[in-house]
Amino acid sequence: MAMWQGAMDNRGFQQGSFNSFQSSSSDEDLMDIPETAMDFSMRDDVPPLDGDIEGIITSDDNLPPLLKTHYSEALTGAVWAKTSFSLFSLLQGAFAYIVNYFMYVLWALLFAFLAVSLVKVFAPYACGSGIPEIKTILSGFIIRGYLGKWTLMIKTITLVLAVSSGLSLGKEGPLVHVACCCGNILCHCFNKYRKNEAKRREVLSAAAAAGVSVAFGAPIGGVLFSLEEVSYYFPLKTLWRSFFAALVAAFTLRSINPFGNSRLVLFYVEFHTPWHLFELVPFILLGIFGGLWGALFIRTNIAWCRKRKTTQLGKYPVVEVLVVTAITAVLAFPNEYTRMSTSELISELFNDCGLLDSSKLCDYENRFNTSKAGELPDRPAGVGVYNAMWQLALTLILKIVITIFTFGMKIPSGLFIPSMAVGAITGRLLGVGMEQLAYYHHDWAIFNSWCSQGADCITPGLYAMVGAAACLGGVTRMTVSLVVIMFELTGGLEYIVPLMAAAMTSKWVADALGREGIYDAHIRLNGYPFLEAKEEFAHKTLAMDVMKPRRNDPLLAVLTQDSMTVEDVETIISETTYSGFPVVVSRESQRLVGFVLRRDLIISIENARKKQDGVVSTSIIYFTEHSPPMPPYTPPTLKLRNILDLSPFTVTDLTPMEIVVDIFRKLGLRQCLVTHNGRLLGIITKKDVLKHIAQMANQDPDSILFN
């Protein structure tokens, strides 16, 4: 108390102006005021430093000269201290921004470099989306190693790195590839699936459904995606098996709860306003934009990928990835909507603004007197909304351009999320525009019947959701599965009709500008032998018009069932590149016995040379059940009946090609033998069918490349 009393003896602690030095009030008088706390802040004595300090000093003529001089010096020092601190804070803020900018670009380059290096060194098949190759494999074509354990391991790791690098790509397509790798590896644990390609393809169809179920948290949409987009042949038993696989995948995802919101999806939204019939017009406009964007993206992306394949650019995948990553990071950091992850951006665009939302997209002026509890009417946009619109417009331009160059690089890259982001940005921009139009012109004829002043008429988040569906549909040409995935993704079951209208419009517009979706275009670009199951073959040609050999071609390479030596077979194998050979009774009769694969022949002969004593080049190979007795001192025979397919698929020479094409599509065949009364005439491969279809469409059949 003595210290406080000593301090109180100094009259400078009295409240009031500096004229209070001459005041007659005493310390005791100040202390005697009941229920009053002492105030040492001197807020009445010393004004804020932002004011006219010099005027304050000179205005008090009653101060002694010495005190006035010291007081002036003190205040001048305070001003310089404040200015220096402000300058230091400014420099510190700029320095921190530069450091953050540099670290953002550095981490992006590091993640991208690790991703592309791992893919290039350990698993080249781990790049890209994987869906075009999965479609090709399910059609019956074999890409060895594409669904192997190394591909699974590397793609899982590099997918995390690629998404973390901030590139304009998604994880959904690669997750379908990862799920199919898991399904293929599990097939090798069971003889039933390991030795039967058809049953293995059923497992891969179910795995694709599970992959979409995990990627989007949409089990029903995953099944429909496998049916509509991926699978070649989808019987009823495969349908319920795929449904069960998607169910288990969704249940596992829900148990893990990766988003921490007790939901399967990241984009779950709840819109409180129903849509109105007039809004179908902007929804259809979004569908038109989605179709135009899809056609533009497919053409430009395929042109860039073709340039990559045919120029020196394809020889430097690491440099390409690093350059695209650097450009993306440098342009993305200044804009908060490009700096955040694409999934977070879509989630924010889908959001329906509430009173407590702090986002710039929800920075509205609160001029309302709501009559209904919980209802938030349309409001005029504030400064934050206008700033967000400009930033979103720049984000849209960047996403459109950079995604063209990103998809197809030698890293795992999906297209679902970038396409949805483009559509969601466009939809949000249109939604805010419609909202402000309805607010300021609610008396117009198009609004006055359903939108009164002070009502909640337009939901911009709904427009973002419809735009996302439209752009994704324009790129992939999905319809049914897309709508189901979208309402599972967002929980917006009430808005199926707007989603259907936008999806169908985008497909019609995109189909008018180009028949192929992005996955079919990449299949054709890569030269995969894929028969499109959605197109009909309406020509009247026969199997004999397509089969080989033709009239002037060399004879068909065949094996006889009991008259060829090991050396003869090895000669045929070394001189040809066929994947298999028909086996006939004799070259004279050409009666078909079966079909044997080239790979099985090579392995069987090598194993016989190592394990069976006496097998030499002159040993005779028998494909019959019983071999005749051999004279003494002759080399032992080699029996290969167990590798012979005794029931190869055959058609007659007069079978219409319409039926042959349908057989190839539904059964996933790689080749089909042509006979006449049991006599072998030739063979039709899937490549022959594709060339014939191109020829019937007045295209050059030699332009169909198979890489």
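Which residue in β6 is the bridge partner of Y622? Select Y622 and look across to K639, its bridge partner in β6.

Before going further, note that this is a predicted model, where local features need pLDDT of at least 70, side-chain atom pairs count only at pLDDT 80 or more, and totals for chains, interfaces and linings use all residues. Residues are numbered from 1 along each chain as its sequence is written, and side-chain values use heavy atoms, without hydrogens and water.

**Stop one: the sheet.** Two bridges join β5 to β6, and the two run parallel; strands pair if DSSP finds at least two bridges between them. The open sheet has the order β2-β5-β6, with mixed pairing.

**Stop two: a helix pair.** Show α12 (280-310) and α19 (460-476), which pack at about 35° with axes 7 Å apart. Axes are lines fitted to C-alpha atoms over the stretch in contact, and angles run from 0 to 180 degrees between N-to-C directions. For the contact (heavy atoms within 4.5 Å), colour residues including F283, F289 and W293 in α12 and Y463, V466 and C471 in α19.

**Stop three: α16.** Select 383-406; the 24 residues of α16 should span 34 Å at 1.5 Å a residue, and the end C-alpha atoms are 34 Å apart, which agrees. The expected span is 1.5 Å times one less than the number of residues. Finish at G408, which follows α16 and has a positive phi near 110°.

Definitions and conventions:
Helices (H or I, at least four residues) and strands (E, at least two) are DSSP runs, numbered from the N terminus.
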